[in-house]
Amino acid sequence: MKRIKIVVLLLSIFASCKGPARTIVNRPALIPSFIQGNFSDDYGIRYNISNTLWIQHPNIKYHIIQWNDKEQYLLAKNADTNPSEVGLFTRIDFMRFESMEPFTWGFCLTVFDAKTKKEAVTKAQADRQNPKKGCSGYPFSRMKKAE
């Protein structure tokens, strides 16, 4: 009987304890399919975008660490081999386009030199209501599938 009381007591203690709060993070494997693949923008720059890596040719790489589909942005860490902003964080806002074929979506390097993930997420946001000037006064880079 004493053992049962101890077991019940221990179970009630464990049941009442709350573990650390869990933060749900969108994993790179869930990046929207329209962003993945080989692209070129309206400036002629080529890109390869996968679940974990955004490459802007010829030599800029962003390691994707999370994305937010609802707010339409990616968070990435700049590669140690980049020519500048090495190891810092980048926020890439994106949006779909209608009636702009062959360009189907666009992006904005909203923040590319943040010291922390939090700074990259909160420092600035793109203005999707005005894609011609919504990227800190500049247009979103329009993307089309590379041939």
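**Cores and a disulfide**

Guide: Start with Cys135, which is buried, at a relative accessible area of 12%. Buried means under 20% relative accessible area, exposed over 50%, partly exposed in between (1.4 Å probe, protein chains only). This is a predicted model: local features need pLDDT of at least 70, side-chain atom pairs count only at pLDDT 80 or more, and totals for chains, interfaces and linings use all residues. Residues are numbered from 1 along each chain as its sequence is written, and side-chain values use heavy atoms, with hydrogens and water left out.

Visitor: Which residue does a disulfide join to Cys135?

Guide: A disulfide is a pair of cysteine sulfur atoms within 2.5 Å. Here the partner is Cys108, with S to S 2.0 Å. Cys108 is buried too, at 1% relative accessible area. The structure holds one disulfide.

Visitor: What is the handedness of the disulfide?

Guide: The torsion about the S-S bond is about 85°, so the disulfide is right-handed. Cys108 lies in strand β7 and Cys135 in the loop between α2 (117-122) and β8 (141-145), 27 residues apart. Helices (H or I, at least four residues) and strands (E, at least two) are DSSP runs, numbered from the N terminus.

Visitor: How many residues has the largest nonpolar core?

Guide: A nonpolar core is a set of buried Ala, Val, Leu, Ile, Met, Phe, Trp, Tyr and Cys residues joined through side-chain atoms within 4.5 Å. The largest has 17 residues; Ile35, Ile49, Trp54, Leu74 and Trp105 have the most contacts inside it. The largest share of this core, three residues, comes from β4. A second, separate core of six residues includes Cys108, along with Phe97, Ala126 and Phe140.
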